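Dear colleague,

I am passing on a structure that I would like you to look over when you have time. The sequence and coordinates come first, and my notes are set out below them.

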Amino acid sequence: MKLASFWVAGHEGFGAVVDGGVAELTGRLSGRQQILRDVLADDALAEAAQVVDGAEPDHALDEIEWRLPIPDPEKIYCVGQNYAEHIREMGMELPDSPSIFSRYPRTFVPHLGQMIMPSDSVQFDYEGEMTVVIGREARHVSESDALDYVAGYTICNDGSVRDWQRRGPQVAPGKNWEASGMLGPWIATADEAGDPANMTVVTRVNGEDRQHGNTNDLVFSAAYLVSYISTFITLMPGDMITTGSPHGVAAGFDPPKWLKPGDRIEFEIGGIGTLSGEVVAG
Amino acid sequence: MKLISYRHAGREAYGVVKDGGIVDMSARLDHATLKQAIAGLSISEMERLAASADADVSLDDIDYMFPITSPEKIFCIGRNYRAYHEVIEEGGPMQWPSIFPRFASSFAPHGEAIHRPQASEQLDYEGEIGVIIGKSGRHIPEERALDYVAGYTIINEGTVRDWLKKGAQNCPGKNFHRSGSIGPWMVTRDEIDDLDKLRIVTTVDGETRQDGGSDMMIFKIPHVISHISTITWLEPGDMIATGSPGGSAIESDPPKWLTAGQSISVNIEPIGTLSNTIADEK
């Protein structure tokens, strides 16, 4: 099942993507949930799957305005430097612990959204990433149990302003620029998405292949990251962990292929789908 | 004027602190939360209403909440006091502030236990002035930055020291569940005449550990507001923890880590005193 949040006909809703459209679930489950996050929190994914099984679409895809799959997540954690081949390419040792930082939701735009070129930098970069969506409250969970706490997977562009990442010892300023990244288009539930340790990750800018990786190359797997982060904080339904990006970012080219207004960008992850957007002037 | 958010008789409320009690503003205004009241430019209205009213409830009978119960963003500034910077890490003057986000669940309210985590013995404290934003702003010039401030609170920016060094970013060590605290209330900005003359005193079981003046700040509050607003919109209720003077547990030899059963207070006049106990995480 692919679960999405959207605006349609002046109201906010959520539902499942079915052939050519969305079957709306807003208020249609026994818990009358109005937002997708509550479906996760109420452990109602199985009921949602029954309701949409064989359902006709209520709205065509071009009638909806996509929102972030969870529009208002409590926490979004990101992982840097997590693809082994890319780390070795740069002549670095594999890390002992993951590099973790956080982003606020407003730093992302949804599927088919417009990222805003930063006003104070030209070093605007993309990072296509497989993203874990937490389904159940998780604290001190083991790596072997961790995927039981995952509702599904989505796609993130952990869009980065490279020079601002180096202003100060923490990367947060370069990773929290307004509308600089993307999340979506939907959450592919765990049963549909397949093995999170074997998903292809492809990024294209204006049709040109830029990133090409597979999550089988992650130094710290999705399961490890859920377990690790749950050591320090309680992960809540709808929280997201984005797992890092393979080589091929703009900064890695000589000269760098920074994003600029008018660029169209696509992130395709096997088992999940394709997240698309464009860059507009600030 | 002191503004507070609290729970009383099973209900969440906010009001004005007066004569050891609270004049309940949530019963007098249409805004559901203090954040909304601030965003709705109702600070002067609250002042007027409180002047002619008696307290509705005693401070002894409430559970404290964060002054802003659900801030969209909390940004922290690291290594922002001269003496502290010299002790923790030798190096030249910094060109850029160290900025990192924290999620609200990494803090406890006034009067509740701060958790010493299972995963580490190195729980430390950092008493700090907390800025609370009063109106939306982006690209705010330094000379007008204080116009965007609603008031100030106290933040114990509790830190798990060994987890700061796991991975390339400090996020895990700064985001342990309930490892810091915020409160007990906010004072409106007119209560503070000179931001350079605040004194931060942190005591543990009555022993003074931190005693520093805000004149030692490297990046002053207007600069920090302006800098962060380059990256993202600041919104009413957003908070900025502005850094801590010397005297944290790590600076003692051996380090005086916090342990279960201790009481910790951070006093900043004229804001007040933020007090918590330490309890082992269950």
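The notes below take up a sheet, the contact between the chains, and some backbone details.

The model is predicted, so that local features are given only at pLDDT of at least 70 and side-chain atom pairs count only at pLDDT 80 or more, while totals for chains, interfaces and linings use all residues. Residues are numbered from 1 along each chain as its sequence is written, and chains are lettered from A and ligands numbered from 1 in the order in which they are written.

In chain A there is an open sheet of 5 strands with mixed pairing, in the order β9-β19-β18-β15-β16 (strands are DSSP runs of E of at least two residues and helices runs of H or I of at least four, numbered from the N terminus; two strands pair if DSSP finds at least two bridges between them). Because β9 (113–116) and β16 (208–214) of chain A each have a single partner strand, they stand at the edges, and one side of each is left without a neighbour in the sheet. From one strand to the next the twist averages 25°, where axes are lines fitted to C-alpha atoms (for helices, over the stretch in contact) and angles run from 0 to 180 degrees between N-to-C directions. The pairing of β9(A) with β19 (273–280) of chain A is parallel and runs over 4 bridges, and Gly113(A) stands opposite Gly277(A) of β19(A).

The contact between the chains involves 29 residues from chain A and 28 residues from chain B, two residues being in contact if their C-beta atoms, placed from the backbone, lie within 7 Å. On the side of chain B that touches chain A, β7 (98–101), α5 (171–174) and α6 (221–231) of chain B each supply at least two residues, and β7(B) gives the largest share, 4 residues.

As for the backbone, most residues other than glycine have a negative phi, and most peptide bonds are trans. Asp19(B), in the loop between β2 (11–18) and β3 (21–24) of chain B, has a positive phi near 50°.

With best regards
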